[in-house]
Amino acid sequence: MPSTYFFLQRYYTYDPRFGTEDEARASIRAHMRDNLRRTLSDDKERADSKIAGTSGTTYADHRPLYMKPGVWSRLAEYWVSEEFKKKSAAGKKAREAVKAPHTSGARSFDRRRRRRTMASWMNLLSIKSVTH
C-alpha cells in the first residue's frame with residue numbers, strides 16, 4: 001500500500017513495491033534540496049508582482065497555499081531586511097559582470113568540457129590505431 005509523506009504541506013507518495021521507505025525519504029530530500037530554492041524564488045517573484053500591482057499589500061497577503069504561515073512570515077521578514085537587500089544588490093552586480101552568459105542548456109560547462117576532452121582522446125586513439 002502506498003505511503004504519503006508531508007513536507008511543507010506538499011504531499012509525496014511512494015509505493016513500497018518499488019523501493020524502501022528510506023529510499024523514498026532520500027528521494028524526497030534530494031528533490032527538495034534541488035528544487036526548494038527555485039520554488040521560493042518563484043514564490044517571491046509572484047508575490048513581488050502582486051504587491052507591485054496592488055497598493056497596500058504585503059508578502060503576508062500573498063502566501064502560497066502549501067507554505068505554513070510561520071515559515072512564510074519569517075521569509076517575508078528576511079526579504080525586507082537590509083541584509084537581504086545588500087546580498088541581492090551584490091548578486092545583481094556579480095551577474096551583470098559575467099562576460100559569458102550561461103548558454104549551455106541543461107548540461108553544465110564542466111560536463112561539456114569533460115565530454116570534449118574524452119572525445120579528443122577517443123579521436124587520438126582511433127587515429128593511432130589506424131596509423132600504427
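**Note on charges and helices in a predicted model**

1. The side chains of Lys 87 and Glu 83 meet in a salt bridge, with 3.4 Å from N to O. A salt bridge here is a side-chain nitrogen of Lys or Arg within 4 Å of a carboxyl oxygen of Asp or Glu. Both residues belong to helix α3 (residues 82–97), where they lie four residues apart, about one turn of the helix. Glu 83 counts as partly exposed because its relative accessibility is 46%. The terms are buried (under 20% relative accessible area), exposed (over 50%) and partly exposed (in between), with a 1.4 Å probe and protein chains only.

2. Some notes on the source. This is a predicted model, in which local features need pLDDT of at least 70 and side-chain atom pairs count only at pLDDT 80 or more, while totals for chains, interfaces and linings use all residues. Residues are numbered from 1 along each chain as its sequence is written, and side-chain values use heavy atoms, with hydrogens and water left out.

3. The protein chain has four helices and two strands. Read from the N terminus, the order of the elements is β-β-α-α-α-α. Helices (H or I, at least four residues) and strands (E, at least two) are DSSP runs, numbered from the N terminus.

4. How many salt bridges are there by this rule? The count is four. One of them joins Asp 43 to Arg 46, with the closest N and O atoms 2.5 Å apart. This pair lies in helix α1 (residues 21–53), three residues apart, about one turn of the helix. Asp 43 counts as buried, because its relative accessibility is 4%. Arg 46 has a relative accessible area of 45%, so Arg 46 is partly exposed.

5. Another salt bridge links Lys 44 and Asp 48, whose closest N and O atoms are 2.8 Å apart. These two are separated by about one helical turn because they are four residues apart in helix α1. Is Lys 44 buried or exposed? Lys 44 counts as buried, because its relative accessibility is 17%. Asp 48, at 27%, counts as partly exposed.

6. Leaving aside neighbours within four places in sequence, Lys 44 is in contact with Tyr 59, Trp 79 and Phe 84. Contact means heavy atoms within 4.5 Å. In the protein chain, of the contacts between residues at least 6 apart in sequence, 27% join residues at least 24 apart.

7. Which residues gather in a patch of positive charge on the surface? They are Arg 111, Arg 112, Arg 115 and Arg 116. Patches are made of residues with over 30% relative accessible area and no salt bridge; like charges are joined within 9 Å, and nonpolar side chains (Val, Leu, Ile, Met, Phe, Trp, Tyr) within 5 Å. Lys and Arg count as positive and Asp and Glu as negative, with His and the chain ends not counted. Arg 112 is in helix α4 (residues 109–131) and counts as partly exposed, because its relative accessibility is 34%.

8. For the chain as a whole, buried residues make up 20% of the 132 residues. The protein chain exposes about 10900 Å², and carbon and sulfur atoms supply 57% of this area. Accessible areas come from the Shrake-Rupley method with a 1.4 Å probe.

How values were computed. Charge placed at Lys NZ, Arg CZ, Asp CG, Glu CD.
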